[in-house]
Each structure stands twice: as structure tokens, then as C-alpha cells.
Amino acid sequence: MNQIQIDRFIADCRKELNMTQRQIAERLGITNRAVSKWETGKSMPDASLMLELCEALHISINELLCGKRLNELEERKESEQNTLAMFMAKNELENLRILT
């Protein structure tokens, strides 16, 4: 994940829809300052907001995580990679719990 690319992508998608940071924030039930932080690279959207954010911006989770629009083939490939990465991260957490 390239946070700078994701930040710019969020801002670009919002602007393409002629939405303000305040409008996105209101839709998500957060402050416009939080949206500003996402777009300037000071923070990332919380995982609990990502699906709703993607719906508001008319993008997929994979596009959000890649920070760019994806064609159908790229979407499938990224989906598989993201699923595998999440599976591996879950296994690592489980192994850490076993060791402690």
C-alpha cells in the first residue's frame, strides 16, 4: 500500500463527484477534519469506515487499497493478493498468541 497514492486517490475521487470534505464526512458520521487528514497523508481511514467510504466514492475496497482505478483483471488480481495478505496476517497473529 502506498499511503500517498491512496490519499491522492481519495481526494481525486471525491472531487470527481463534486463533493466536499464536509459532505463525505457527514455521510460517514465523522468530521471533515478526519477526511482532510486522509487526503493529506496524516492518517488512513479506519477499517470500519472503508466500505462506506468506498460506496460514497463509487470505488471498490481493492481500488482504495491500491490508490487507483482498476480494470476487471487488475481487480481480480488485487482481490486475491489482499485476501492472501489478510490470511497471512491472521495466521501470524494466531501464532503469536500461541507463543505467549
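How many helices and strands does the chain have? The chain has 6 helices and 0 strands, where helices (H or I, at least four residues) and strands (E, at least two) are DSSP runs numbered from the N terminus. The structure is a predicted model, in which local features need pLDDT of at least 70 and side-chain atom pairs count only at pLDDT 80 or more, while totals for chains, interfaces and linings use all residues. Residues are numbered from 1 along each chain as its sequence is written, and side-chain values use heavy atoms, with hydrogens and water left out.

Read along the sequence, the pattern is α-α-α-α-α-α. The C-alpha trace spans about 50 × 35 × 20 Å along its principal axes. Of the 100 residues in the chain, 32% are buried; buried means under 20% relative accessible area, exposed over 50%, and partly exposed in between (1.4 Å probe, protein chains only). Among contacts (heavy atoms within 4.5 Å) between residues at least 6 apart in sequence, 53% join residues at least 24 apart.

Two packed helices are described by the angle between their axes and the distance between the axes. Axes here are lines fitted to C-alpha atoms, for helices over the stretch in contact, and angles run from 0 to 180 degrees between N-to-C directions. Angles under 35 degrees count as roughly parallel, over 145 as roughly antiparallel, 65 to 115 as roughly perpendicular and the rest as oblique. The axes of helix α2 (residues 21-28) and helix α3 (residues 32-39) come within 8 Å and cross at roughly 115°, so α2 and α3 are roughly perpendicular to each other. The crossing of α2 and α3 is right-handed; a crossing is right-handed if the near helix is turned clockwise from the far one by less than a right angle, and left-handed if anticlockwise. Helix α2 contributes Q21, R22, I24, A25 and L28 to the contact, and helix α3 contributes N32, V35, S36, W38 and E39. By class, the contact of α2 with α3 holds 5 nonpolar, 3 polar and 2 charged residues. In this classification Ala, Val, Leu, Ile, Met, Phe, Trp, Tyr, Cys and Pro count as nonpolar, Asp, Glu, Lys and Arg as charged, and the others, Gly among them, as polar.

Helix α2 also packs with helix α4. The axes of α2 and α4 come within 10 Å and cross at roughly 130°, and α2 and α4 are therefore oblique to each other. This crossing of α2 and α4 is right-handed. On the α2 side, I24, R27 and L28 meet L49, E52, L53, E55, A56 and L57 of α4. The contact of α2 with α4 has 6 nonpolar, no polar and 3 charged residues.

Residue E39 of helix α3 is buried, with a relative accessible area of 14%. The side chains of E39 and Q21 are joined by a polar contact of 2.7 Å; a polar contact is a pair of N or O atoms within 3.5 Å, where within protein one must be able to donate a hydrogen and the other to accept it, and residues adjacent in sequence count only if both atoms are side-chain atoms. Neighbours within four places in sequence aside, E39 is in contact with D7, I10, A11, R14 and Q21.

Residue L53 lies in helix α4 (residues 47-57) and is buried, at a relative accessible area of 0%. Residues up to four places away in sequence not counted, L53 touches I10, I24, L28, W38, P45 and L64. L53 and I24 are 29 residues apart in sequence, with a C-alpha to C-alpha separation of 7.9 Å in space.

Helix α6 (residues 72-99) contains N82, which counts as buried at 19% relative accessibility. The N82 side chain makes a polar contact of 2.6 Å with the side chain of N62. Beyond residues up to four places away in sequence, N82 touches N62 and L65. R76, also found in helix α6, counts as partly exposed at 45% relative accessibility.

Most residues other than glycine have a negative phi. Phi is positive at N18, near 55°, and at H58, near 60°. N18 is found in the loop between α1 (3-16) and α2 and counts as exposed at 69% relative accessibility. H58 is found in the loop between α4 and α5 (61-66) and counts as exposed at 56%.
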